[in-house]
2 protein chains.
Amino acid sequence: MDNFSFYAPTYFEFGKDAENKAGSLVRRFGGNKVLIHYGGGSVVRSGLLERVKKSLEAEGITYVELGGVMPNPRSGLVYKGIDICRQEGIDFILAVGGGSTIDSSKAIAAGAVYDGDFWDFYEGKSVTKALPVGTVLTIAAAGSEGSPDSVITKEEGMLKRGASGEAYRPKFSILNPELTQTLPPYQTACGITDIICHLYERYLTNTKNVETTDRMIEGLILAMVEEGPKVILNPNDYEARANIMWAGMMAHNNSCGVGRSQDWISHNLEHELSAKYDCAHGAGLAVAMPAVFTYELSHDVNRFAKIAVRVWGCQMDFDNPEVTAKQGIERLKQFLISIGMPKNFAELGAKEEDIELLAYTACYGDGNGSGNVYGFIKLEQKDVEAIYRLML
Amino acid sequence: MDNFSFYAPTYFEFGKDAENKAGSLVRRFGGNKVLIHYGGGSVVRSGLLERVKKSLEAEGITYVELGGVMPNPRSGLVYKGIDICRQEGIDFILAVGGGSTIDSSKAIAAGAVYDGDFWDFYEGKSVTKALPVGTVLTIAAAGSEGSPDSVITKEEGMLKRGASGEAYRPKFSILNPELTQTLPPYQTACGITDIICHLYERYLTNTKNVETTDRMIEGLILAMVEEGPKVILNPNDYEARANIMWAGMMAHNNSCGVGRSQDWISHNLEHELSAKYDCAHGAGLAVAMPAVFTYELSHDVNRFAKIAVRVWGCQMDFDNPEVTAKQGIERLKQFLISIGMPKNFAELGAKEEDIELLAYTACYGDGNGSGNVYGFIKLEQKDVEAIYRLML
């Protein structure tokens, strides 16, 4: 196991009606003037935004609103939010929504207290200072409610990039599984896929002897395989929603990823897809994962065989572990299809003729890239192209 | 799943030489004058105490020392520590040792800023305020390095009782697996047993539909079953030590116990044993668990069958799940014996003639008890006596 430090000081309020504690939690964590950041109309229509505002008002907390966050959140709205924070003297940002809203809130939080361009953080600068952020989560997926990460898409060139730093851990996150019950099955499945991918990206490691975190990851994927289909069948299954919501946080707060190298190639290659085609992140991952894993398989057959046996219930082929390893990838793919995810470029709306450009952008970014994508294995542009071809 | 809140803001520094960061971490978390609290000679002999002191000195932090913590830490030393804190103006307590030292440090931390008797907290008063505590952990076992809990034995009447409160979460914990390599196999096995018990106590729940935390618990026990025997065989196996150390923290910081009722009957019954016979806590648990679980079995046969199949590799007897459930308890018992734990009262040094008194104290404490022990099931004194008889 590698040396590591781990610090996850987010307060979680979990359960029914938890959003009514937003005001007291903002107060507890030092907020006096809040920017409420959200996406489209669903948090308005459902009455959630109104309940959150009432909760703030009950504590005498003033607020400004900024809606309009889109999936694959854009830099344009981040700049707007930063301006508001400065003009209005905002000292706390409350994200009401899913991963996109939370990620946009984090970017605003960092930009508001930074003299330069916030995009610097998304080109590698470490985030050491940001306004405090709280969240009211409406979709179990990105894990941003408990993570130090944020992903933003720069409109100029449609570059999708991530930033990270302890200052990005939310001060509190409100997780009410009821709020996720109105999500359509497709978005629900996208969330489950994202959660599973966060677990696979940690599982695929070059660090030896990490049985404790291996077992935690396997357990969390198993829980998704059991609970996921329940909510696709019955969106109102509170208990299954609750299990998925806690797993989504645990999958990405890194308690099961400490002390080990991680992969993140599926995420990197997917970011190019959702940046270019504006598809749902989870849908892109569903197409990317089987292709990436198939390409990576020969690098460590036994690791893929291990997850095939322990998670996907495959029988170990002791004479030829590669058979088992491949079976595990196939079962993952079939599971994702079974919950409604796309299986290839065509279903995703991606185009074969773009592959060279997608691979180039993945490897070289906007000209600052190294020419490689690093993860479980090291990829050059030709490798990335080959992986995209496996998605056709 | 039940509603819950979860807040675990402990900073973890994990890995080789991590103890050299003690000084900078005390500084980071606001300490200027430290009480270094420790147990016997091993932290002195190994040079660990010296390294920790050097690390404090490098940061210009002054300190006072208080050694002498014994396993099943006593109230007498806690009172002494409280006096020192008040006389010396201590603003931070650094525990260098195992669970006993950390628990004693927490008690001192609460008592130092409380006007009344610190024992109030161990008779049910909630801990809301305490001096900040940091830890340098030397044994993977109690999980106190990441938990809001502390257990102290009151010398008058040898009452062993627990206290809990968010103020008891350490500010930071330093986990260097190398520091555990000098532990004798018996103490190592006691630690592994304690970790497994923390997981079972959470697994045995009356809350339905908690698959995510079930899977996490199963995964962590599986890791202990795989890694435990390695360190008994080879105490210097750093990798196995590291896996056990992280699992020990995860087992008890409650991320796998949220939103569900828990058991804790094995701990309650064991506390009477270690208070009376001063046996190692883990050794007492090894004797207590199979007896408690056998008595509880009929309350939820399928839950015991589930852990038997998923953790202990038993084949499910679908015609008679009780057979499987019992097999799981037996395999747990044999596992504990295999790593060197005692299996009955005699091996523990406990006496049959004390059973009535042990059961009485478990149920009635020092006269304030309710007459019951509550957990997975509700026990009266006669039930507790019957369970102790199963340990003969």
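Across the interface of chain B and chain A of this predicted model, 18 residue pairs are in polar contact, both residues at pLDDT 80 or more; such a contact is a pair of N or O atoms within 3.5 Å, where within protein one must be able to donate a hydrogen and the other to accept it, and residues adjacent in sequence count only if both atoms are side-chain atoms. On the chain B side, the elements giving two or more residues are strands E1 (4-7) and E2 (11-14) and helices H7 (211-233) and H8 (238-250), with helices (H or I, at least four residues) and strands (E, at least two) taken as DSSP runs numbered from the N terminus. Helix H7(B) gives the most, with twelve residues.

The contact (heavy atoms within 4.5 Å) takes 43 residues from chain A and 43 residues from chain B. Together the two chains bury about 3,600 Å², 58% of it on carbon and sulfur atoms; this is the accessible area (1.4 Å probe) lost on putting the two parts together, summed over both. In chain B, B:Met1, B:Tyr7 and B:Trp246 lose the most area to chain A, together 18% of what that side buries.

Two salt bridges cross the interface, each a side-chain nitrogen of Lys or Arg within 4 Å of a carboxyl oxygen of Asp or Glu. A:Glu226 and B:Arg310 meet in a salt bridge at 3.9 Å, N to O.

Strands also pair across the chains (pairing needs at least two DSSP bridges): four bridges join strand E2 (residues 11-14) of chain A to E1(B), and the two run antiparallel. Here A:Glu13 stands opposite B:Ser5.

Residues are numbered from 1 along each chain as its sequence is written, chains are lettered from A and ligands numbered from 1 in the order in which they are written. Local features need pLDDT of at least 70, side-chain atom pairs count only at pLDDT 80 or more, totals for chains, interfaces and linings use all residues, and side-chain values use heavy atoms, leaving out hydrogens and water.
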